[in-house]
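Biologist: I would like to learn how to read salt bridges in a model. Please start with the general idea and then turn to the case at hand.

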Amino acid sequence: MRFALMSEPQQGLSYVELLALARTAEEAGFETFMRSDHYTSFPGDALAPTTDAWTTLSGIARETSRIRLGVLVSPVTFRVPGAFFKQVMTVDEMSGGRVEVGLGAGWNEREHAQHGIRYPDVRERMDMLEEELEIFTGFWDKPDGWSFDGAHWQVRDAHIRPKDRSGWGSPDGRRRPHLLMGGSGKPRSLRLAARYADEYNMSSSPADACKIAFEQLAVECRAGGRDPDSVTRSVMAGAVVGRDENEVRSRVRDLLVMTGEQTESPDGWLAARRSRWIIGTPDQAREQAAAFEAAGAERLMLQTLIPRDLDHVRLLGEVFSS
């Protein structure tokens with residue numbers, strides 16, 4: 001099992017705070033640092049400042065040296081595929097080939113409205129995502145002069161440079177960035193992942209639901225003539241870990257304040273999440289992670305909703321990355 005730290009900087013983190021979080025994750029031994037892609041602050045203070053995911057990632061790329069960097073996931077509604085592809089490859093070069101790119105349909109209607117971004121219904125967003133996936137993989141894999149005629153975007157006589165990493169290499173030797181999709185195991189997302197993705201990530205789901213989704217992903221891969229083992233299976237799970245029960249409960253209280261849920265009972269909050277989060281002391285956390293591994297997960301993305309608690313990040317590194 002490999003481990004990443006997943007952050008939610010839209011909770012009001014400045015670039016300086018986000019960089020401190022990424023550097024702490026690198027020092028703590030995490031394989032990858034991931035951030036969300038949102039323009040409106042939540043959960044918690046809806047008026048807190050937010051930053052652009054790929055702009056901040058470009059800065060972090062120059063301020064770190066080892067840790068892989070990714071966005072989980074960038075909504076198709078936010079970014080035009082061709083321009084976004086250029087942005088991804090630029091940040092990948094700036095990092096020396098450490099970038100992972102997550103593509104998704106998006107979901108938060110309010111942030112779209114606040115920023116003047118069109119928010120189609122879910123079917124159209126999924127149609128747009130499928131075209132974006134086709135365009136990205138076409139830019140990487142198809143020969144010069146490739147064209148694409150979609151309902152939302154058209155590509156004519158593509159000559160994309162750079163189209164791969166051959167000019168600067170990468171630590172893992174891959175020709176192109178790792179491409180992720182996330183979801184909850186719905187049929188269309190699994191079919192698209194089986195066709196296009198390098199990784200499928202289950203979000204905030206119990207281990208038994210992850211097992212079912214990963215099994216269906218394998219079915220979709222075989223139906224498309226693809227080796228199921230060529231698609232990494234991962235889980236994003238909220239994480240609240242303490243050295244003892246008192247520290248766990250203290251962090252839960254901090255989290256409830258950060259998310260604006262301080263009126264909720266900590267016991268009730270914990271009970272509602274124990275089946276799908278990593279919560280507890282180090283031994284309890286390792287046991288919960290093992291359940292996801294038994295369900296088929298190869299990578300666990302530990303989502304922190306108390307991102308200013310850098311000691312928490314260090315503890316997660318001690319528990320999972322040492």
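Predicted model: local features only at pLDDT ≥ 70, side-chain atom pairs only at ≥ 80, totals over all residues.

Biologist: How many salt bridges does a search of the whole structure find?

Modeller: A salt bridge is a side-chain nitrogen of Lys or Arg within 4 Å of a carboxyl oxygen of Asp or Glu. The search of the whole structure gives 33.

Biologist: Which residue forms a salt bridge with Arg79, and which parts does the pair tie together?

Modeller: The partner is Asp52, with the closest N and O atoms 3.1 Å apart. Helices (H or I, at least four residues) and strands (E, at least two) are DSSP runs, numbered from the N terminus. Arg79 sits in the loop between β3 (68-75) and α3 (81-95) and Asp52 in the loop between β2 (32-35) and α2 (53-63), so the pair joins parts 27 residues apart in sequence.

Biologist: Are Arg175 and Asp164 buried or exposed?

Modeller: Buried means under 20% relative accessible area, exposed over 50%, partly exposed in between (1.4 Å probe, protein chains only). Arg175 is partly exposed at 39%, while Asp164 is buried at 15%. Their side chains meet in a salt bridge of 3.8 Å, N to O.

Key: Residues numbered from 1 in each chain as written. Heavy atoms only, no water.
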